[in-house]
Amino acid sequence: MENNPLVSIIIITMNHEKFIEQACISAISQTYPNIEIIFLDNNSNDKTFEIAQKVLSQSAIKHKILKNTESFGISKNLNILVSNTNGEFISILSGDDWYTKNSVEEKIKYFKENPNTDFVLTDGYKYYQEKDQLTDAYSQKEKEYITQNISNFFHDNITENKTVNVGTFVKKEILIKYPFDENVNTEDWDMNLRLTSKGFKLGFIDKKLFYYRIISTSLSRNWKLMKDSYEKVTNKYFDYIKNDKILYKNYRLKLLHFKYEILISEASEEQKNKLKIEWKEEKYKIKYKNPILFFKLLILKK
């Protein structure tokens with residue numbers, strides 16, 4: 001790896017006019033000296049594109065600005081962005097999130113110190129927009145578990161994404177050979193599993209290098225879409241999941257979670273209480289084989 005390899009920061013956005021300036025400024029303000037920015041607006045119907053264009057055009061940083069004439073899924077947009085990059089490394093940024101100024105510099109430093117690494121995740125912050133509240137992205141216990149079990153990442157994350165993928169940093173050659181699956185919406189989780197299942201080495205930087213903005217319209221609350229994407233991702237590894245009792249139990253519990261979140265989101269207040277009780281009953285049937293223990297817990301929880 002050359003001393004200061006070119007890093008391509010790719011920004012994907014749609015209708016983020018309130019946030020895109022902050023995202024773009026965080027990209028052009030990086031302390032690392034050799035970056036380019038590839039920006040793609042996914043056919044926004046607000047002022048996102050115009051704001052980004054103004055911010056980036058005022059910077060001396062090399063950049064390319066793209067705009068779709070129709071809306072595509074996140075994965076297709078990411079593949080378009082990757083195909084327009086020139087860097088050796090790619091750093092992924094959503095238009096409603098932002099980086100710390102040393103984000104890219106710390107990632108390049110990590111790669112130089114760990115040359116066998118293929119892609120990295122980092123620590124960071126979660127920002128809850130409606131509450132104006134900033135929290136840690138991970139607890140200390142969660143971070144310790146990730147770092148201590150990084151070699152077992154595929155197994156640990158196959159039934160549930162346990163990481164925050166803001167600012168994922170990956171060698172471009174890998175994303176060219178193994179592009180994003182355009183049939184799924186949870187593209188970050190799918191990428192983590194796809195690459196680790198093929199033997200690529202994941203690293204984790206225990207430094208806060210991103211801000212992940214959580215808003216009420218986030219995908220994580222669109223239960224039908226999440227269920228569909230969950231099934232598409234896990235179906236790729238279903239045999240592996242089915243052959244492990246704990247993984248299969250976790251898989252069934254996750255599907256049950258989606259089922260009842262969807263039902264509850266569409267139910268009346270009176271129906272919601274009934275559904276929550278049904279959910280508990282089904283959950284305990286999956287979790288506990290001992291019927292006596294099951295009924296004792298069920299009585300205690302009611």
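Author: Lys245, Lys249, Lys287 and Lys289 form a positive surface patch. In a patch, residues have over 30% relative accessible area and no salt bridge, with like charges joined within 9 Å and nonpolar side chains (Val, Leu, Ile, Met, Phe, Trp, Tyr) within 5 Å. This is a predicted model, in which local features need pLDDT of at least 70, side-chain atom pairs count only at pLDDT 80 or more, and totals for chains, interfaces and linings use all residues. Residues are numbered from 1 along each chain as its sequence is written, and side-chain values use heavy atoms, leaving out hydrogens and water.

Reader: How many salt bridges are there by this rule?

Author: Side chains of opposite charge can pair when their charged atoms come close. A salt bridge is a side-chain nitrogen of Lys or Arg within 4 Å of a carboxyl oxygen of Asp or Glu. The count comes to 16 salt bridges.

Reader: Which residue forms a salt bridge with Asp190?

Author: Lys236 does, the closest N and O atoms being 2.7 Å apart. The pair links distant parts of the chain, 46 residues apart, with Asp190 in helix 8 and Lys236 in the loop between helix 9 and helix 10. Helices are DSSP runs (H or I, at least four residues), as are strands (E, at least two), numbered from the N terminus.

Reader: Is Asp190 buried or exposed?

Author: Buried means under 20% relative accessible area, exposed over 50%, and partly exposed in between (1.4 Å probe, protein chains only). Asp190 is buried, at 1%, whereas Lys236 is partly exposed, at 40%.

Notes
Areas by Shrake-Rupley, 256 points an atom, 1.4 Å probe, with all protein chains shown as cover. Lys, Arg positive; Asp, Glu negative; His and termini not counted. Charge placed at Lys NZ, Arg CZ, Asp CG, Glu CD.
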